[in-house]
Each structure stands twice: as structure tokens, then as C-alpha cells.
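I opened the structure today to look up a handful of residues. My notes follow the order in which I checked them.

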Amino acid sequence: MKWRKMADHVQGLAQLEILCKQLYETTDTAVRHQAEKALVEFTNSTDCLSKCQLLLERGSSSYSQLLAATCLSKLVSRTGNPLPLEQRIDIRNYVLNYLATRPKLAAFVTQALIQLYARITKLGWFDCQKDDYVFRNVIADVTRFLQQDSVEHCIIGVTILSQLTNEINQADTTHPLTKHRKIASSFRDSSLFDIFTLSCNLLKQASGKNLNLNDESQHGLLMQLLKLSYNCLNYDFIGTSTDESSDDLCTVQIPTSWRSAFLDSSTLQLFFNLYHSIPPSLSPLVLSCLVQIASVRRSLFNNAERAKFLSHLVDGVKRILANPQCLPDPNNYHEFCRLLARLKSNYQLGELVKVENYPEVIRLIANFTVTSLQHWEFAPNSVHYLLSLWQRLAASVPYVKATEPHLLETYTPEVTKAYITSRLESVHVILRDGLEDPLDDAGLVQQQLDQLSTIGRCEYEKTCALLVQLFDQAAQSYQELLQSTNASPAEATVQEGRLTWLVYIIGAVIGGRVSFASTDEQDAMDGELVCRVLQLMNLTDSRLAQAGNERLELAMLSFFEQFRKIYIGDQVQKSSKLYRRLSDVLGLNDETMVLSVFIGKIITNLKYWGQCEPITSKTLQLLNDLSLGYPLPPGLSVRKLVKLTAVQFMLNNHTSEHFSFLGVNNQSNLSDMRCRTTFYTALGRLLMVDLGEDEDQFEQFMLPLTAAFETVAQMLSTNTFNEQEAKRTLVGLVRDLRGIAFAFNAKTSFMMLFDWIYPAYMPILQRAIELWYHDPACTTPVLKLMAELVHNRSQRLQFDVSSPNGILLFRETSKMITTYGNRILTLGEVPKDQVYGVKLKGVSVCFAMLKAVLSGNYVNFGVFRLYGDDALDNALQTFIKLLLSIPHSDLLDYPKLSQSFYSLLEVLTQDHMNFFASLEPHVAVYILSSISEGLTALDTMVCTGCCSSLDHIVTYLFKQLTRSTKKRPASMATDDRFLHIMRQHPEMIQQMLSTVLNIIIFEDCRNQWSMSRPLLGLILLNEKVQYFADLRNSIVNSQPPEKQQAMHLCFENLMEGIERNLLTKNRDRFTQNLSVFRREVNDSMKNSTYGVNSNDMMS
């Protein structure tokens, strides 16, 4: 590297050191801000490179060295104006020498320099100098560190490999995903196995020596070696990028070329031996490695090899369980629980029972699980993995064909009992010590109950007997406490807590019923449990006027939801023993009477718990689920529901007088009214069952909403109205109407609603947008109502041939979009953390509204221009103004905005291409850029929408170009304008061709058919300028020499039999060719040899 002379920079160096000190050490915010500003200017300066070397050479503080390393990382990472190859090689060599000569730098400086080395190596992985891949000699670079005598040098060498593996495994946002996968695959094939083998050999050497683990440096070396092994095993081998939420389903896709390491039991044994010989602080890393090893794909082995591997694995687990000294450490415990879960996620019960010492191991695991559950306060997040293991074991019982006993009938009830009793015993301790109540973490409780629902169904008789016994004890104690005059409230609270857990658990085990595996006896047992919960409900409901328990009520709702799913609906056998038991004990003779219990509970909750949002929303969700029925259209269950007196009461009395949550004066804020939409959706469905064409019944139902609209109209007609009250009334009203509009998905009923709201009340909605455009809590519900009204769901918007209502509805839509759009743009710059709530959410709804009305098929949009009506132009021009006010990054960062924008764009390019072709150049370029970026979006809906939009645009361009070569009348100016833009910016179409081809060839293309549609047009447009030929040659030449001919042939076959037109028959032929092309290219690249058996793996 040609570094500048440094003598002139001494003064600047001193200044930089001072700035670094101020940035990292000062407590004065203003000084730190100034220092940060100056250092940002330094990183962007032209002489940054030379000054970075000067800082590393002569800097007296660690902070200045850190600054230099960080700046160099930014310089080598930049995509625009990248550093020349020679310079990058020199920086790489300089960093290695610097680390080799200074092994005792501050840890954060060493880390930053290693990060710099890893970044240079990754980004330069395919760079050649004289036919040599100059950045690939990784192991040679590191060997010089490992051959040194000092432990510090060894640590640096191992950390370099660990950091490099991690760096190459992680995609970054600044470079294309295709490039990342290409580098990651090449690194996997050429270097990764050698690195893993090296780490295992070094671990064997370390474990063979008498390491002094009290020596900090030797402790550090062992930790880095374990991190390196873990990074190798945790590598994303086939580009699946599994997220952490699917942890328990993970399979490690080890390449076939690694088989030797796993067939040799010494690798597995190495890690189990390390676990027992190193300090507890390091053993979690060992267990993490074992978790990955236990998860290697099944297809790596044949049956005999897998049985042998599993036997060694189970032996190791048994040894840990027999010597559990390290497990009290929470990190060790957590990783060990994950290891146990992998035993069943990756192996079948039929394989496990054949392991030699299975009976002993299953006993030890059961004891470990029971002990863990009894210590409920210890590592609660790890319990998930233990329950996951038992859930999978229990679920496998009906399918296991092995003759060896699985013994689960012995141990599963013990696990079930331990879970239930430990939760009940925790209640008293939590209340006594003021601990955090796990019941408040609804997600965690639901997850555990889902697992218990399967576990509890194994040996169900024992589960039910236990639940009946515990429930009767708790219920009796609770009843006695309520009747006693001197009982303490704390004792009653404990019993309520215990009953809450029991109600949740009863709901879960009933929800775990599997129809094909259930017997009459089990249904009768369910009946016993249901009777007890309903009796408890009668007791608690009778006391609601004095007091109630929120957690217990939520548990009841959870129970009702499970009961509904299993035993309510047209698909359920009414001869079920459960119904007989309900009839004998509670007098509930049939489903109608049971439904009346449901509705009674719903009305009771809405009456007494109207101000408690969690209970109200869950109660309304239950009502909503009941109103859906099974199947659609309304089945017998829903018809029975509508005939109930209580349901008729709700349909005739849906006012705040009877349902306090419908009140507008006592709401804490406007967003609390969301549950009203759910309520009215359910009521709307129930009303529709018998509504038919009865307009009087509809008018009667709408009376409370009519009164509310009249109230708002009266308020808005005066100058001095209570704004907050008006807002609350209006927001509540539009949320109610949106629920009804959503439910009315038949033409007859929806037309009643349409005639009711239009034209009488539409001006009120428009006025609200004008007044309160800046308040999203008010405008978003109004916009969402309008979007629902214009949505032609189930073809409900069908106007008579003599009716102008379709056009009038569009005019109102256009007016609302234009009013809102023009006013929201006057807000100016909105802070980044508020931009979605204040602006983008409303804009997103407007886009969805416009898409719904443009694709609704009830308006002929040609008449607007024909009769000089500017409604369509106004709406489209407002869309463009709103779009241009949104940065490209925001379009993809906010999922709802992405989906509404790209689906609208698809409709516009399909049906309004003349408008699109008339756009100003900067607008057209902006939209084409957004399509180009959307093609690589992670959201498949967005990507598919972009493909469709691009197809429409490319087809339009191709037709225009084809026409321009024929003799025909002069084209319209708008058409010429769009063609002119494309000729001015040919790189846009070229870039999209490159992007689509890259996705199809190099990525996991999830929507190949959609990608194929625009691709033919892109190829035909780019053939004339030779770009396609150049791109094809570039892709062919990027392959190893021995594969270039095969790749060239793939491209030849792709265009075989394809004519130069975009007729449907020709497109379909191309789509078929593309499927073959992709398969052949993938096969060719799989066999590409950067190493032996480079990608010979089964997913």
C-alpha cells in the first residue's frame, strides 16, 4: 500500500487522540457530541486511510487504535468507490502483522482488528490476483499465530477463525443476498470443514493436557475454541436462515463430506468428556455444541449408523443425568434442556426405545423433569424444552411399532402431576413473597398449556382423576372461605389462584382431545371436568356485584374457547357422553342449552367487566367465534344461537345502557374502542341469519347508530361543540359500522347498509377528515370504514344497471383520499419514531381503499374522462403526491404499507397503464425503483406483486415498441413520453433483468411462476441492446471453467422454441423452459467443485 508520508500529521494525530478520549470518556454530552461530529468528518475525509495507519503506529491510547480499526472497516465495506485490490491486500497483511507483533492489545482493539480482517476476507473472497484467490488462504494466515509459543497468539488465531466464520455466515444489508450466499457456499465448500477439524484437534490437545483453568489466558483459549466449534456447527449450510423462534424444530444440514467426523464417535465423545472436565462457566458452550451435533440431519446416516450415533448420544446424556453437579447453573441447565428436546425432535420414539439403556435413561429424564417442574421458580424459560420433549414423546405413542416397551404410560402421568401440583403450590409462595405471577405472561402460559394438552391426554384417566381431586379440594375450600365471616382475603385469593390454574389446565386437556383417538369414557371424563368449571362459574358470577377476579375470568374464557372448539358446532357428535353428563348434573340437555350458558356468560362479562379491556376483548372474540359457526354459511349451531332469548336481547339492546363498553364518556383513550368492531361483526353475522330482505328489522337494529350519527351531525353543525365528545362518539360509531360492514357480505344486506349511510351520513365522515386529519386516532377508523365500504367482498357491491351509485361511491372515495392526502402533506417533517402512526398508517389505508375501489369491478372508469369528471385524476394525483413524500426505505420497512402500496401498483399497471405512461420522468423512475427494490423483498406477497406490476409495464413497453416499428397513426404523446423515459434510463430495465435472473439462479425462489412472467419481456426488451447476451456471458464466465459449457447450454435451452412475442402460448412455453433451466442450473452449481462433494447434501 502506498501510504503517504506521515511526518506532517503529528499535530493532527494529537488532535485525533484528544477527540477519541472525549468521545469514550467524557460525561459531558455536549463535548461528546462535538467529538462525535468531528470524528465523523474525519472518517469521510480523503486522507482517512493514511491517518488510520498513523493512529495504529503511533497512537498512545487504545481508543485511537479502536477508531482506526473502525474507520478501516467502514472504508473496506463501502459499496460506492471501493478500495483497489492492492490496497485491501496491504491492509489485510498489515492487520495480521500488527496483531502478531502486539498480542497484548486491549481486548476491544483486538476484536475490532479481527473484525476488520474478517470483513476484508469476506468481501474479497472472489477477488483474484494472477489466478490466485488472494483472500482465501485463511488457515495459512492463522497457522503463524497457532505455531507461536504464547497463549495470547493462539487466542488471536482461533478468534480470527471464529470471527471469520461468523462474519461469512451473517448476511448484511449493504450487499445483495445473492452475493452473500455465493460467498457463504464457497467458504463452506473450501474451508469450513478444515476449520472445524482444526478446532476439534485443538480441543483434543487441550483436553489431553493438564490445563490450568485458573490461568485466565488458558481459560480464554478454551472458550474461543468452543466458540469456534459452535460457529462451525451453527453455520447456515444451505441458506435457510432459520430464525430463533423455530429453535426446537431446527435441523443442522451438515454436508455429506463431513460424514467422517460424525461417524467417528470420538467427535461426540470429545464434547461429552469436555463437559465433565471443564469449569461450569464454560460448559454451556460445550452443551450448545452438543445441541447442534444432536440435530444433524437424519439423512447423513443410514439406519445402522444412526442407531449407533443415537446410542452414543443417549449414553452421554445418561452420564450427565447421573452426575448432575453442573446443572444448577442456569445456563448449563437451559442448554441441557435444549439437548433433551433435540432427542425427540430429530429421532423417532421407535429408534429411542431400541437404545440399549433406554429404560434407565427415560427414568432419569422423567426424574429430572419432575424435579425441574417442582422448582418452578428456577429457570422458567427452560421448562418449554422439557415439556416439548414429553409432548412429542406422548404424541408418538399411538404410532410406535417397536416391540420394546416405551414406558411412557409409567412416566408421563408423573410429569403431568408434577406440572399441575407445582403450579398450584406456586400460588401461595408468589402471593406471600410478592413475586411476579407467571399467569400475567399469557404467551408463556398458553405455550405450556398447549404442550400439556398432549402430555395430559396420555393416560387420561389418571390426569382426570388428579384434576377432579384437586379441583374439588380447592372449590370446597373456596366455598367455605366465602361463607365464613372471619376468613382472611389472602386465603380466598390463594384459592382463586389455584382454581385459575386448574381452569386453564382443564381447558387445555379438553382442547387436547383428538377425535380419532378418543373414547366414550374419555368424553365422559371431559363431562366431569366441564361440570365442575360451570359450577364454579355459577358461584363466581353470583358474586360479581361485590367482587371478581380478573385472572380467573380470563381462565374461564380460555376454557370456553377450548370447549367451543371441541364440543360446539355441526361437526360434533351430539350423542357424546359429555352431553349426557352435563344433562345429569346441570340439566343441560342439548347444545342449545349449552349455547345459552355461553351467551349468558358473554352478557354477564360485558355487563360487569366492561371497563376491563382484556376480559372484554376476549369475551367479544368468543362471541365472534360463535357467530362464525361451522361450516359457512351459518350452520345449525348459529341458527340455534340466534333463536336464544339472550341473543335476541343483544340484537335489540346494543346500547351503552346495557353494555358499558359502548359508552363514550368513560373511555381512557380512543384506541380502547377497537373491541367495538368485533362486537358489531358478531352482531352483524347473527342479524344476517334471519334478516333476508326485511328492511324494517334492519332499521330497527340501526336505531342506536342512527341516533349517534344525528348527535354527531348536530355537534358539527354548531361552532361551539365539545370536540373530545364529538370525536369519541364518531370513532365509536365508525368502528361499529365497520364491524357491520365486514359482516354484511351478501348483496341484499349490504345494499341496505349502503342506502342507510349514503348519501345521508357520508358528509359527516368527510367533515371529520377535514377537521381532524392530524389526529390518527380519529382519522384511521374513518378511513378504515371507507375502505371496508368500497371493498367488493363476495361480490356484494352489485348496483342495478340504472343506478349511478358505483360512480357516486367512487366520487366519495376520491374526495376522502384527496382531502386526507392534501391535508396530511401539510404536516411537514414528522419525527421518525412517530411517522408511521401520524402519517404512514393513514396513507397505507388510503392506498388499500384506492386499490379496493379500482379493482372492485363496479365502476367504469372510462366515463370520468369522457364526461370531464376529475374524480379519478384527483385520486391518482393524490396517490402520486403521497407516494413521493415517502422514502423508498419506508415503503419496505413497514409491512402493511408495503402490501397496500404494491397491491395498488399491481392494479394501476394492469388497468390504468395510460395514466402510468403519462407520469413525469422523476415519478416513473421512483416507481420503477420501488419495483426493483420490491423484487428482493422478504415478503412473498410484495415480491409477487412487483413481478405482476413489472410484467404489465414490460408488456406495455414491448407492445409500444412493436407498434412503433409498424406503419400506424402517430402515437399519443403520453406513450412517447414513457418510451422516451425508458430510452433515457435503460439501466433500470437492465437492472431488473439482472435482479430477476439472479434470484432465479442463485436464491431460494419461492414464486418462480410469478418471476417467469416478466422475465421473458425483460429478455426481449434487452436483446436488442445486447445487454441480455452480456449478462448471460457474465454469469457463464463467473462459473468454474469446467462448468461454463454446461451453464451456456442451460441458457441456450432456456430460449429454445421461444418466439419473439408475448402471446400467452409463448409465455407458457417460456415458463416451462424456465423450470427446466432452474433445475439444470442448480444441479450444475451443486456439483461445482471448490472442494470435494461441495454441495452433496439432502435438505
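**Confidence**

I am working from a predicted model. I looked up the confidence before anything else. The protein chain averages a pLDDT of 84, and 91% of the residues score at least 70.

**Helices α12 and α14**

How do α12 and α14 run relative to each other? I took the axes of α12 (residues 265-277) and α14 (residues 303-322), which come within 10 Å. They cross at roughly 5°. Angles under 35 degrees count as roughly parallel, so α12 and α14 are roughly parallel to each other.

I listed the residues that make the contact. From α12 they include Leu268, Phe272, Tyr275 and His276. From α14 they include Phe309, Leu313, Val317 and Arg319. I sorted the residues of this contact by type: seven are nonpolar, six polar and one charged.

**Val530**

Next I went to Val530, in helix α23 (residues 520-542). Is Val530 buried or exposed? Its relative accessible area is 0%, so I log Val530 as buried. Which residues does Val530 touch, leaving aside neighbours within four places in sequence? I find Ile510, Phe559, Phe563, Leu578 and Leu582. I also took a distance from Val530 to Asn745. The two are 215 residues apart in sequence, and their C-alpha atoms are 36 Å apart in space.

**Asn1066**

Asn1066 is in helix α50 (residues 1064-1086). I get 6% relative accessibility for Asn1066, so this residue counts as buried.

**Arg32**

I found Arg32 in helix α2 (residues 29-43). Why does Arg32 count as partly exposed? Its relative accessibility is 31%. Buried means under 20% and exposed means over 50%, so Arg32 is partly exposed. I also checked Arg32 against Cys20, 12 residues apart along the chain. Their C-alpha atoms are separated by 9.3 Å.

**Backbone details in loops**

I looked for a cis peptide bond and logged one between Tyr758 and Pro759. Omega there is about 5°. Pro759 sits in the loop between α33 (747-757) and α34 (762-772).

Leu407 has phi near 65°. Leu407 lies in the loop between α18 (383-396) and α19 (408-433). Glu459 is not a glycine either, and its phi is about 55°. I place Glu459 in the loop between α20 (442-457) and α21 (460-483). With a relative accessible area of 29%, Glu459 is partly exposed.

Notes: Residues are numbered from 1 along each chain as its sequence is written. This is a predicted model: local features need pLDDT of at least 70, side-chain atom pairs count only at pLDDT 80 or more; totals for chains, interfaces and linings use all residues. Side-chain values use heavy atoms; hydrogens and water are left out. Helices (H or I, at least four residues) and strands (E, at least two) are DSSP runs, numbered from the N terminus. Buried means under 20% relative accessible area, exposed over 50%, partly exposed in between (1.4 Å probe, protein chains only). Axes are lines fitted to C-alpha atoms, for helices over the stretch in contact, and angles run from 0 to 180 degrees between N-to-C directions. Angles under 35 degrees count as roughly parallel, over 145 as roughly antiparallel, 65 to 115 as roughly perpendicular and the rest as oblique. Contact means heavy atoms within 4.5 Å. Ala, Val, Leu, Ile, Met, Phe, Trp, Tyr, Cys and Pro count as nonpolar, Asp, Glu, Lys and Arg as charged, and the others, Gly among them, as polar. pLDDT is the predictor's confidence in each residue, from 0 to 100.
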